[in-house]
Amino acid sequence: MDHTVITIARSYGSGGKTLGKLLAKELGINCYDRELLRIASEQSGINEALFGAADEKVTNMPLFRISKSIYNGEILPPDSDDFTSDANLFSYQAKCIKELAKTESCVFIGRCADFILKDEPDVIKLFFYAPKEDCIKRAMSQNGGTEKEIIKKIEKRDKYRSDYYKYHTGRDWNDARNYDFCLNTASTSYEQLIEVVKQYIKIAKIKK
């Protein structure tokens, strides 16, 4: 296939992560999720556990400082006091995302990849979501737990993702204007959803 990079943002319980992995397999390309933590660790020399601790969560990040935290491509040197700061950890992940996007067709799940690659060609930015009731059912079937536990988990995960995205991009995570295509995954099989996305990709490639 032609060089194609797909970024996936998703609400918890929408099935977006599974969809991303299945889509990558269908297209015969790599899918990057937590693998990026290892790659960023190897490139930076920073312990992977630190990347994991800051992964898609806002830790000690006052949201009133958003204007100072928006990703601008800067990477701090090892002798900097802020070398292992959340912002610098994000910048190293962003560097890896940019390098991979230039060298291969692939799928990125989360990590603000749509924003990081907003000025790059051949990038298709997707957002998967579903009504709360469907997210609860999907999450319960995949992870188990009571409905009360799952509701709490959904709210917690989506808040993490929203705050993380806002902090590093200055944008609202669930704003449809950030993406090329938003898809409601409710009551639809993964096979059908993949076909819908593949058709959209074909159309998008023609337009680009």
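These notebook entries record what I looked up in a predicted model.

**Basis.** I number residues from 1 along each chain as its sequence is written, and I use heavy atoms for side-chain values, leaving out hydrogens and water. Because the model is predicted, local features need pLDDT of at least 70 and side-chain atom pairs count only at pLDDT 80 or more, while totals for chains, interfaces and linings use all residues.

**Fold.** I found nine helices and five strands (DSSP runs, H or I of at least four residues for helices and E of at least two for strands, numbered from the N terminus). Their order along the sequence is β-α-β-α-α-α-α-β-α-β-α-α-β-α. The C-alpha trace spans about 50 × 45 × 30 Å along its principal axes.

**Burial.** I noted that buried residues make up 48% of the 208 residues (buried is under 20% relative accessible area, exposed over 50%, partly exposed in between, with a 1.4 Å probe and protein chains only).

**Salt bridges.** I counted 14 salt bridges in the structure (a side-chain nitrogen of Lys or Arg within 4 Å of a carboxyl oxygen of Asp or Glu). Lys205 pairs with Asp122, with the closest N and O atoms 3.8 Å apart. Lys205 lies in helix α9 (residues 190-207) and Asp122 in the loop between α6 (113-116) and β4 (123-129), so this pair ties together parts 83 residues apart in sequence. Lys205 is partly exposed at 23% relative accessibility, and Asp122 is partly exposed at 28%.

Within helix α9, Lys198 and Glu195 lie three residues apart, about one turn; the closest N and O atoms of their salt bridge are 3.5 Å apart. I also recorded a salt-bridge network linking Lys17, Asp33 and Arg111.
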